[in-house]
Amino acid sequence: MFLLGECDTDGFATVSGSGAGILLVSQEKSEIEYVLRFLFLATNNEAEYEGVIAGIEMATAARADHVVLMPDSQLAASQINGEYEVRDWSMAKYLAAVKQEASKLTTFEVKLIS
């Protein structure tokens, strides 16, 4: 059971496609790795948000109550933490989806990794 889940996400966009990598780590150090390949074009930031949303959904499905999200995107981390203003309509939709998924958790924290 994921009482405390660390969720590390990494979105990517290349000429050949886009996707996201997700790593969930439980308090007991059990790991779940998942890679998403999108059937649509996405920017790096969109791919990062897709990974964040999928990661929170996976943690919730694993019965996590407390999640520490660790994205490598400064934009996503700062927008989710409210430090950066969201100026783009598509990013605003992604942010709303993240907040909706995070509201299902007891605690949710974002720590930028580099």
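This is a predicted model: local features need pLDDT of at least 70, side-chain atom pairs count only at pLDDT 80 or more; totals for chains, interfaces and linings use all residues.
**A walk around helix α3**

Let's start on the outside: helix α3 has a face turned away from its buried side, and there it carries the exposed residues Trp89 and Gln100. Here, buried means under 20% relative accessible area, exposed means over 50%, and partly exposed is what lies in between, with a 1.4 Å probe and protein chains only. Helices (H or I, at least four residues) and strands (E, at least two) are DSSP runs, numbered from the N terminus.

Residues are numbered from 1 along each chain as its sequence is written, and side-chain values use heavy atoms, with hydrogens and water left out.

Back to the helix. The expected span of a helix is 1.5 Å times one less than its number of residues. Which residues of α3 are buried? They are Met91, Tyr94, Leu95, Val98, Glu101 and Ala102. Looking down the axis of α3, these buried residues fall within an arc of 125°, so they line one face of the helix; the arc is that of the directions from the helix axis to the C-beta atoms.

What does that buried face pack against? The buried residues of α3 pack against α1 (44–61), α2 (74–80) and β5 (107–110), where contact means heavy atoms within 4.5 Å.

Now step across to α2, where we find Gln79. Gln79 is buried, with a relative accessible area of 4%. Leaving aside residues up to four places away in sequence, Gln79 touches Tyr49, Tyr84, Glu85, Val86, Met91 and Leu95. The C-alpha atoms of Gln79 and Ala92, 13 residues apart along the chain, are separated by 9.1 Å.

Helix α1 is the next stop. It has 18 residues and reaches 25 Å from its first C-alpha to its last, close to the 26 Å expected at 1.5 Å a residue. Its buried residues include Tyr49, Val52, Ile53 and Ile56. After α1 comes Arg63, in the loop between α1 and β4 (66–71). At 59% relative accessibility, Arg63 counts as exposed. Most residues other than glycine have a negative phi. Arg63, however, has a positive phi of about 70° although it is not a glycine.

Two strands pair if DSSP finds at least two bridges between them. How many bridges join β2 to β3? There are 7, and the strands run antiparallel. Gly19 stands opposite Arg37 in β3. The strands β2 (17–25) and β3 (31–37) have Lys29 in the loop between them; they form a hairpin with 5 residues between them, and Lys29 in the turn has a positive phi of about 75°. With a relative accessible area of 61%, Lys29 is exposed.

Next, look for rings. Rings of Phe, Tyr and Trp (its six-membered ring) pair if their centres lie within 6.5 Å; planes under 30 degrees apart count as stacked, over 60 as edge-to-face and the rest as tilted. The structure holds 2 aromatic pairs. In one of them, Phe38 and Phe40 are stacked, 5.0 Å centre to centre with 10° between the planes. Phe38 is buried, with a relative accessible area of 11%, whereas Phe40 is partly exposed at 39%. The rings of Tyr49 and Tyr94 have their centres 5.6 Å apart and their planes at 15°, so this pair is stacked. Tyr49 lies in helix α1 and Tyr94 in helix α3, so the pair ties together parts that are 45 residues apart in sequence. Both tyrosines, Tyr49 and Tyr94, are buried.

Finally, the inside. In soluble globular proteins, nonpolar side chains tend to be buried together. A nonpolar core is a set of buried Ala, Val, Leu, Ile, Met, Phe, Trp, Tyr and Cys residues joined through side-chain atoms within 4.5 Å. Of the 26 residues in the largest nonpolar core, Ile22, Leu36, Phe38, Tyr49, Val52, Ile80 and Val98 touch the most other members. The elements giving two or more residues to this core are β2, α1, β4, α2 and α3, and the largest share, 8 residues, comes from α1.
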